[in-house]
Amino acid sequence: MKKFFTKNFSYRLIALVLALLLFAYVKTDHLTSTRVSGTDANQNKTALMSTKTATITMPVDLDVDSSKYVVSGYQERVKITLTGSSAMITTLTNTRNFKVYLALQDYAPGKHTVKYQVEGLGKDIRYRIQPEKSKITIAHRKTKKFEIRYRYDTNMVKKGYTMGNVKTSVTTVQATGSASEIDRISQVVADVNVPSDTAEDVSARSVLQALDSNGNIVNVVLTPQSINVTIPVSKVKTEKAKESSEASSQATSSSSSSEKSASSAPSSSSEESSSSSASSDESSSVDDTSSDGNPQLQQ
């Protein structure tokens, strides 16, 4: 019996030691995990609250009555450098829910130097725009219609072929811009590219250009900006075909002359018949007259 209790006591002691070791391991692991989690959380919080700088490109809006005025000379896109909390800068970079603009409501027509402005950024965000200012020109808006002219090389067709007139559904274009630029326009042209040795109709999309009297491009807005153009290409008749056509025409002319001659023949016979009758009458008159010149009575 004493041996039995001694043996069980040894087992109990071993079990107790193992339990203490397991408890110590779990406690240590938990403390370590908590300490690491707390460190990560602090690091994340620090990262979110840290300062960040980013440079992005933004389009430029115009605060002006576009129905009356046209603005030129400014850069349509500018670079803006943002500085602030990492979270805010990341959000602004992704969403870009702010705008860069030029406030021109108080400016009269003419040349001006205007500073770029920003709207939609928080007070905690610092920014710098490159360039800071822009030289602009404000002019009265004008719109005018022009007929479209077409330019293409007729020598590009294959030998024995010829090009016809341009076919398109659009014949006029509307030009919009400053009054001075509109007045410079001499013509609006559509250049059509004709491939070499073309033997079939040419269909192309042509970009329209407003040109002055010297052939320089005028800076205006054209509506539409491009059109669809079709130029018919057909085969030229050969000399043999022309000779055959002329021979056929001459044959037709000869046939008509023959028919006219045939129709005039009966008329001549009739005249001859009338002449014969007249001769017979004259002959009868002679026979009815006696040698002494007195008429004879017929019994």
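Start with the largest pocket, which holds about 410 Å³ of space. A pocket here is an open set of points on a 1 Å grid over the protein atoms alone, where a 1.4 Å probe fits, with protein on both sides within 12 Å along at least five of seven lines; lining residues have an atom within 4 Å of a point. Select V70, V71, S72, N219 and V221: of the 20 lining residues, these are the closest to the pocket's centre.

This is a predicted model, where local features need pLDDT of at least 70 and side-chain atom pairs pLDDT 80 or more, while totals for chains, interfaces and linings use all residues. Numbering runs from 1 along each chain as its sequence is written, and side-chain values use heavy atoms, leaving out hydrogens and water.

Next, colour β2 (69–72), β8 (133–151), β10 (172–178) and α3 (179–184), the elements that give two or more residues to the pocket lining. The biggest contributor is β2, with four. (Helices are DSSP runs of H or I, at least four residues; strands are runs of E, at least two.)

Now jump to helix α2, residues 86–95, and pick out S86, I89 and L92, its buried residues (under 20% relative accessible area, 1.4 Å probe, protein chains only). They sit on the same side of α2 because they cover an arc of only 135 degrees around the axis, taken from the directions from the helix axis to the C-beta atoms. Just after α2, click R96, which has a positive phi of about 55 degrees.

Last stop: K99 lies over the face of Y101, at 5.2 Å from the ring centre. The rule asks for NZ of Lys or CZ of Arg within 6 Å of the ring centre and within 35 degrees of the ring normal.

Note on methods
Buried means under 20% relative accessible area, exposed over 50%, partly exposed in between (1.4 Å probe, protein chains only). Grid points are joined across faces, edges and corners, and a volume is the space filled by probe spheres set on the points.
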